[in-house]
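Dear colleague,

I am passing on the structure below, together with notes on what was found in it. Please keep it open beside this message as you read.

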Amino acid sequence: MTEKPLTALSLHRSLKALTFGLVLASAPVALSQSAQASSKQAAANFVTADANGDGALTQAEFKSFINLNAAHGIGKAQTVKDRGLYDRAFARLDLNRDGRISSAELQSAGR
């Protein structure tokens, strides 16, 4: 099965779904604004971490993605980083076990 190339919009939607489930805020309005800002930053972090530009993250690229998200206070990335749970988080997101996290897998995680 061939996946469609990632576009900025599809990447944003995938990461929005993932980030929305991870972002905590104290009020509904703050949650919406925080989730939207975090989603955009997470999308930018994904593109930055995707060193080979193939639209999916290897384990090494995923570690960079988590570290970037942690630096921006996104979701549970700081906990993953502090506790060294990169492999565990990667395994939960790599649904087809191909060693890469695609946009489709990120979308599935956010549902």
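**The aromatic cluster and the core**

Phe65 is buried, because its relative accessible area is 3%, where buried means under 20% relative accessible area, exposed means over 50%, and partly exposed covers what lies in between (1.4 Å probe, protein chains only). Before going further, please note that this is a predicted model, in which local features need pLDDT of at least 70 and side-chain atom pairs count only at pLDDT 80 or more, while totals for chains, interfaces and linings use all residues. Residues are numbered from 1 along each chain as its sequence is written, and side-chain values use heavy atoms, with hydrogens and water left out.

A search of the whole structure finds three aromatic pairs, a pair being rings of Phe, Tyr and Trp (its six-membered ring) whose centres lie within 6.5 Å, with planes under 30 degrees apart counted as stacked, over 60 as edge-to-face and the rest as tilted. In one of them, the ring centres of Phe46 and Phe65 are 5.9 Å apart and the planes stand at 80°, so this pair is edge-to-face. Because Phe46 lies in helix H2 and Phe65 in helix H3, the pair ties together parts that are 19 residues apart in sequence; helices here (H or I, at least four residues) and strands (E, at least two) are DSSP runs, numbered from the N terminus. Phe46 counts as buried too, at 1% relative accessibility. Phe62 and Phe90 form another edge-to-face pair, with 5.5 Å from centre to centre and 75° between the planes, and this pair links distant parts of the chain, since Phe62 is in helix H3 and Phe90 in helix H5, 28 residues apart. Ring pairs link Phe46, Phe62, Phe65 and Phe90 into a cluster.

The largest nonpolar core has 15 residues, of which Leu57, Phe62, Phe65, Ile66 and Ile101 touch the most other members; such a core is a set of buried Ala, Val, Leu, Ile, Met, Phe, Trp, Tyr and Cys residues joined through side-chain atoms within 4.5 Å. The elements that give two or more residues to this core are H2, helix H3 (59-71), helix H4 (77-83) and helix H5 (86-93). Leaving aside neighbours within four places in sequence, Phe62 is in contact (heavy atoms within 4.5 Å) with Leu57, Tyr86, Ala89, Phe90, Leu93 and Ile101. Tyr86 also has a charge over its ring, as Lys63 lies over the face at 5.1 Å from the ring centre, the rule being that NZ of Lys or CZ of Arg is within 6 Å of the ring centre and within 35 degrees of the ring normal.

**Helix H2**

Asn45 has its place in helix H2 and counts as buried, at 3% relative accessibility. Beyond four places in sequence, Asn45 is in contact with Phe65, Leu68, Asn69, His72 and Ile74. Ala37 also sits in helix H2 (residues 28-49), but counts as partly exposed at 47% relative accessibility.

**Salt bridges**

Side chains of opposite charge can pair when their charged atoms come close. With a salt bridge taken as a side-chain nitrogen of Lys or Arg within 4 Å of a carboxyl oxygen of Asp or Glu, the count comes to two. Asp54 and Arg100 meet in one of them (2.7 Å, N to O), which links distant parts of the chain, with Asp54 in the loop between H2 and H3 and Arg100 in the loop between H5 and helix H6 (103-110), 46 residues apart. Asp98 and Arg100 meet in a salt bridge as well (4.0 Å, N to O), and salt bridges that share partners join Asp54, Asp98 and Arg100 into one network. Asp54 is partly exposed at 37% relative accessibility, as are Arg100 at 31% and Asp98 at 40%.

Arg97, in the loop between H5 and H6, has a phi near 55°, a positive value in a residue other than glycine. Arg97 is exposed, with a relative accessible area of 57%.

**Confidence**

With best regards
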